[in-house]
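Please open the structure in your viewer and keep the selection panel at hand.

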Amino acid sequence: MDVFLQQLINGLVSGSIYAIVALGYTLVYGILRLINFAHGEIVMIGAMIALTIIGLLGDSGLPGVAIIGLGLLGAIPCCMLIGYLIERIAYRPLRHAPSLTPLITAIGVSIVLQNLAMIVWGKEYVSFPPLIEMQYFPIAEASINNVQIFIVMVSTLMMVGLNYLVNNTKLGNAMRATSQNAEVAGLMGVNVNTIISLTFVIGSALAAVAGIMVTAYYGLAHYDMGFMLGLKAFTAAVLGGIGNLRGAMFGGILLGIIESMGAGYLGTLTNGVFGSNYQDVFAFFTLIGVLIFKPSGLLGKAGSERP
Amino acid sequence: MNTKYAYLLLTLASAGSIHQQAVAADLVIKIGSAAPLTGPQALGGKDNENAVKLAVEEMNAAGVTIGKQKAKIELLSEDDQADPRAATIVAQKFVDQQINGVVGHLNSGASIPASKIYSDAGIVQISPSSTAIAYTAQGYKTAFRLMANDGQQGLALANYATKVLKAKTIAIIDDRTAYGQGLADEFDKDVKAAGATVVAREYTNDKAVDFTAIITSIKGKKPDVVFYAGMSPQAGPMMRQIVGLQLKAQFLSADGAKTPEFLKLAGGAAEGAIASSPGVVLEQTPAGKAFVAKFEKKFGKIQNYAPYAYEAAITMVEAMKAAGSADPKKYQPFLAKINRVGVIGAIAFDAKGDIKSGAVTIYQVKKGNWVAIPSK
């Protein structure tokens, strides 16, 4: 039982990270019907910028939490700017092009960002300095540490905040209108270009936070870390129903738990035939399963796709 | 996407390179260095490349004479991305360039597929760091290595775990590469023979960063020792997560993790970790000390395999001198019989091409540094 509970906690933590990244995919998809494959790279850049700032402030004598906070404060605006620029330079000129064109462009942007990061930060792993003293809190027979609590809390906060923003504010109203029909929304006085830019900026801010959570949790950052994370988050978004905010959150957390349980128990259940080496396979196995049986995702509405 | 693009470039590059005959009066000896220069293991690969570069520069500066003809050594360096497929492309490129010998590859997973291509072309290959038993077990006359293989290392680690640490229950994790899997299998076999129980056998891959699921599952089985067979980009975060999840077992690993990079990535969690490394403690011999000093002055801290890559290049040229020829087919028998002392100790090969009497040293992280500890 203690193992089960611990796996659930592990899954919840990695799932929270997937959820935040998945929100970025789903936000952009909801409005532009574009799968922004460069989103994973923004997570990576957020992590790298934060680590650079943390590295610079390492000897300043400030408390660890303050240094991380400053890293966050530095990374968020930088990522917002990069998100804005990507949309402005790479995607906006292609807005009326066939849908395959921006998709290929997105993959191109992803490669460009990855290589830029390799040039700027090098090919080596960048490590997260031990700034936070680990503290453990027992839950029944399992335990959760302060970094894990921080990740789950911040993710929940951001999910609630984003949900409020999209469903209860004027900006959210404009976003939803643009999502349903950009032309008509434009005729009703919504500045479609601004809304699209803002969507990218919000998604990138979420990515920056996710980037810091990933480095704080795993202790390292690397120029190609965004690729696999992006792929998993994309899977989570599709799992929950891409374009659907709550679906992305649900899909992310579900995926984290499926992976964790799968890797933890499959070996025992199949008597060693399949083992923990299939951990990554679960993400994609789940994706295929959902695409076959419920193509619109678990929370997606069938036929909600714009014709 | 990235890798595919690189393959394409490599293929084009190899197609475009027409056999170049040396026109210079001096004999030109082309030595290839094959190691990952991009990707997660780039740091170790660069280390090997630098070491071969250092050896070549030194030998050229001292002057090389092969069969009464003055010779100049040229280094051709290629990136195999630690990838078996890229390694075969690199090997084919070297064959097309009519290279005289190869120092490489770094990873067993790369050395093994490449060794067939070298063997077919009759080109001598000395791997500084591939330790999988399979590499020299294929029976290729051209395949040599300077490092104790996984059989020797696995046995030393198993002895350490069962005799010194007195472990009764052991969990094993490997990264499913030729190196990790081979070493884990050897260790598994040897600890069982010594009477210990393997309570968990878990797997990951050489790109993973999240090990919480397998660590939690292992924690439930309460082992005395957790053994990881893999490289430091995984061992570092794994160590952090072991501490983070309060798994209280001795962490044991091998040469792939016995690096400064592991210390950096594991942060404070590295303290107390134990890892083996084939070979002698460089700092304990004058020649070894001198090598560390000159290498670090030029390229910075040695990651792991630099002294082996350095000696591989020198040993290869020594065999050429003895044979009076840089033709791999002519100097191969002389290399097989070589007997010299380098910075890594005595260098001589057995019938398979493995280094004879490959030493294995055990290290532990103490106050943030790897320190050699008694292995008995």
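Which helices each supply at least two residues of the lining of the second largest cavity? They are helix H10 (245-269) of chain A and helix H8 (212-219) of chain B; helices (H or I, at least four residues) and strands (E, at least two) are DSSP runs, numbered from the N terminus.

Some conventions come before the first stop. This is a predicted model, in which local features need pLDDT of at least 70 and side-chain atom pairs count only at pLDDT 80 or more, while totals for chains, interfaces and linings use all residues. Residues are numbered from 1 along each chain as its sequence is written, chains are lettered from A and ligands numbered from 1 in the order in which they are written, and side-chain values use heavy atoms, with hydrogens and water left out.

**Stop 1: the second largest cavity**

Select A:Ser14, A:Gly256, A:Glu259, A:Ser260, A:Gln279, B:Asp210, B:Thr212 and B:Ala213, which line the second largest cavity. A cavity is a set of points, on a 1 Å grid over the protein atoms alone, where a 1.4 Å probe fits but cannot get out; lining residues have an atom within 4 Å of a point. The volume of this second largest cavity is about 30 Å³, a volume being the space filled by probe spheres set on the points, with grid points joined across faces, edges and corners. H10(A) gives the largest share of the lining, three residues. By type, the lining has one nonpolar, five polar and two charged residues. Here Ala, Val, Leu, Ile, Met, Phe, Trp, Tyr, Cys and Pro count as nonpolar, Asp, Glu, Lys and Arg as charged, and the others, Gly among them, as polar.

**Stop 2: the interface of the chains**

Now display both chains. In contact (heavy atoms within 4.5 Å) are 33 residues of chain B and 32 residues of chain A. The area buried between chain B and chain A is about 2,800 Å², of which carbon and sulfur atoms give 53%. Buried area is the accessible area (1.4 Å probe) that two parts lose on being put together, summed over both. Zero salt bridges are found across this interface, a salt bridge being a side-chain nitrogen of Lys or Arg within 4 Å of a carboxyl oxygen of Asp or Glu.

**Stop 3: the domains of chain B**

Colour domain 1 (2-147 + 285-343) and domain 2 (150-278 + 361-373) of chain B separately; such bounds come from an automatic or database domain assignment. Their centres, taken over C-alpha atoms, are separated by 30 Å. Domain 1 of chain B brings 17 residues to the contact and domain 2 of chain B brings 16 residues. Next, select B:Pro40, B:Thr131 and B:Asn304, the residues of domain 1 of chain B that lose the most area to domain 2 of chain B, together 31% of what that side buries.

**Stop 4: the largest cavity**

Select B:Gly44, B:Met231, B:Ser232, B:Thr259 and B:Glu261, which lie nearest the centre of the largest cavity among its 14 lining residues. Helix H2 (42-62) and helix H9 (232-244) of chain B are the elements that give two or more residues to this lining. About 120 Å³ of space lies in the largest cavity. Why does the largest cavity lie between domain 1 and domain 2 of chain B? Both domains give residues to its lining, so the cavity lies between them.

**Stop 5**

Select B:Lys298 and B:Glu57, which form a salt bridge with their closest N and O atoms 2.4 Å apart. B:Lys298 lies in helix H11 (residues 286-299) and B:Glu57 in helix H2 of chain B, so the pair ties together parts that are 241 residues apart in sequence.

Then select B:Gly104 and B:His105, joined by a cis peptide bond with omega about -5 degrees. B:His105 is found in the loop between strand S4 (101-104) and helix H4 (108-121) of chain B. Finally, select B:Gln81, which is not a glycine but has a positive phi of about 55 degrees.

How values were computed:
On a 1 Å grid over the protein atoms alone, a cavity is a set of points where a 1.4 Å probe fits but cannot get out, and a pocket is an open set with protein on both sides within 12 Å along at least five of seven lines; lining residues have an atom within 4 Å of a point.
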